[in-house]
Amino acid sequence: MPISARGETYARLAGMALPERWDFVGTEVRCYEILSDYLRFMFLCLERKNKVLVSDAGDFCAFNTGFVDESFEDIFACFTPNKVPDKQPWFLEGFAAAGADRFGDRLLRSFHNLPQRACYLFKAEDVRCDVDQVPTPDYSHILIDDIDRLPEAFLECELADSDEEFAVVKRAFGMQEKDVRNDAFDALAKLLDADQRVFSA
């Protein structure tokens, strides 16, 4: 990704935007991992659609984060050229609403039209539900592939009859280290995949 940032920069955005959960459950030290991943995805999405704008002078760059502040004003990510040799060309300086503080003023001076938000819907069919189509749940995907998204209490209740599976649930949710936690959930997924009782319950 051709940008870089610092943790305190993410902290400032979290303070500006409407409240969200910025870290994964179980994270003890706030590192804004969800926020960082979201911004990287948003940057790449907007870059492909030519919605990351660069000033005519080439000394300022910005994109619309999709977040709003408490006044529901769009928040923009603001960049300046990276001064570190052989690194990504842009450095994330901060975030601003149009006209607010020095970056907000620079946004208005640099762009006649401010950067647009990402758009994911392009035709009416994208938002309409076809009532003639009967949805077919993919239970294997729901229960096995994304098992770490299921609530701990739900899994404990459903797997209470199996000492082995119940123990793995407790171990998975009790782990703080991400890799160890993922390994525990993978082990649980394999156990459930082999237990057809789960799908017939």
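Strands S3 (61-68) and S4 (74-81) run antiparallel and are joined by five bridges. Strands here are DSSP E runs of at least two residues, and helices are H or I runs of at least four, numbered from the N terminus. Two strands pair if DSSP finds at least two bridges between them. This is a predicted model: local features need pLDDT of at least 70, side-chain atom pairs count only at pLDDT 80 or more, and totals for chains, interfaces and linings use all residues. Residues are numbered from 1 along each chain as its sequence is written, and side-chain values use heavy atoms, without hydrogens and water.

S3 and S4 form a hairpin, with five residues between them. In the turn, phenylalanine 72 has a positive phi of about 65 degrees. Asparagine 64 faces phenylalanine 76 of S4.

S4 also pairs with S5, antiparallel, over six bridges. There, threonine 80 stands opposite phenylalanine 91 of S5. Six of the eight residues of S4 are buried (under 20% relative accessible area, 1.4 Å probe, protein chains only).

## The largest core

The largest nonpolar core holds 23 residues. Such a core is a set of buried Ala, Val, Leu, Ile, Met, Phe, Trp, Tyr and Cys residues joined through side-chain atoms within 4.5 Å. Helices H1 (7-16) and H2 (33-48) and strands S3, S4 and S5 (90-96) each supply at least two of its residues. H2 gives the largest share, six residues.

Leu35 and Phe63 have the most contacts inside this core. Beyond its neighbours within four places in sequence, leucine 35 touches Tyr10, Leu13, Ala14, Trp22 and Phe67 (contact: heavy atoms within 4.5 Å).

Conventions: Buried means under 20% relative accessible area, exposed over 50%, partly exposed in between (1.4 Å probe, protein chains only).
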